[in-house]
Amino acid sequence: MVGERKISWFGVINTLILALVAVATLYPILYITAISLSDTVSVVQGKVFLFPKGLNFEAYGEVLKNDTIPRAYLNSVFYTALGTFVNLLFTAVAAYPLSQKGFFGRKFFMTAIVLTMFLNPGIIPTYVVVQQLGLTDSVWALVLPNAIWTMELIILKSFYENMSTQIREAALIDGASEYRILFNIVIPLSKPALASIGLFYFMGHWNSFFLPLIYLNDADKYPLQVVLRDMLIYSAENDAGLVDRSALAPQSIKNATIVLSMIPVLLIYPFAQKYFAKGVMLGSEKG
């Protein structure tokens, strides 16, 4: 029949799969948010499903009233901001010479860097090195050992290689040094790529709990993820478990803390998301 459109089963199946993925992704967020905003009776009786029952914000007040959570939150913000800045700086500087075809030893250095993706020394040797450098129980133990991620370096290197060489050649003719070309020309033109890999770095630092757990000895320096882990697993045995000192349901306190830990990611991701796909595609381009 003229004008009749055939059903695309491929499109229908894709839509159903994506819908299921969306539900599976959103449901935990909606559920923990509903638990954190519900009254104690509804939570204990298991009446909360997707929407809060007996709306109240007492769990958030209890979390913010305790010194442990706000201090850990500030620690996480500081560690993430410093770590992401160091990551972007080191990656931008390291990727620049590797993107230049005339750089002596370029292939050797790239081969050595790529090998680090497959040959990992392990936790114990890394811990010994960090300890001998005197970095334990400091923020630098969380930042310097992972100052550059190999995949992000390759992505940024590919971006540099796709930039016009005429800009660099013109700057060299005008007497600009390589440092000035990098910081005044290349890096400003690389904002999309930097935003893309910066999102990966941000997520890595914000969600990190294992490195702080083994490198930090002072509980006052713990980031939010370590405190949250203690609340979820060992809340009955340590000071991070303020759930035992509250009249509220333990689930409400824990989920309120989880919701607070998601806020920075929910705020930053929409702004960096438009660069995400472009950054992933850059990593697949031939350098």
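In the predicted model, the protein chain exposes about 17300 Å², of which carbon and sulfur atoms supply 68%. Buried residues make up 38% of the 287 residues in the chain. The secondary structure comprises 14 helices and zero strands, and among contacts between residues at least 6 apart in sequence, 70% join residues at least 24 apart.

The largest nonpolar core holds 34 residues, among which Tyr 60, Val 63, Ile 69 and Val 227 touch the most other members. Two or more residues are given to this core by each of helix H3 (58-65), H4, helix H7 (140-143), H11, helix H13 (224-234) and helix H14 (250-282), with H14 providing the largest share, seven residues. A second, separate core consists of 21 residues, including Tyr 96, Ala 171, Ile 181 and Leu 194. In soluble globular proteins, nonpolar side chains tend to be buried together.

Ile 181, a member of the second core, also belongs to the buried residues of helix H10, together with Leu 182, Val 186 and Ile 187. Seen down the axis of H10, the buried residues fall within an arc of 135°, and they therefore line one face of the helix. These buried residues pack against helix H4 (68-98), helix H8 (150-161), helix H9 (165-173) and helix H11 (191-206). Helix H10 itself spans residues 178-189, twelve residues in total, and reaches 15 Å from its first C-alpha to its last, which is close to the 16 Å expected at 1.5 Å a residue.

Note on methods:
Residues numbered from 1 in each chain as written. Predicted model: local features only at pLDDT ≥ 70, side-chain atom pairs only at ≥ 80, totals over all residues. Heavy atoms only, no water. Helix = DSSP H or I, 4+ residues; strand = E, 2+ residues; numbered from the N terminus. Expected span 1.5 Å × (residues − 1). Buried < 20%, exposed > 50% of the residue type's maximum accessible area, 1.4 Å probe, protein only. Arc of directions from axis to C-beta. Contact = heavy atoms within 4.5 Å. Areas by Shrake-Rupley, 256 points an atom, 1.4 Å probe, with all protein chains shown as cover. Core = buried A, V, L, I, M, F, W, Y, C linked by side-chain atoms within 4.5 Å.
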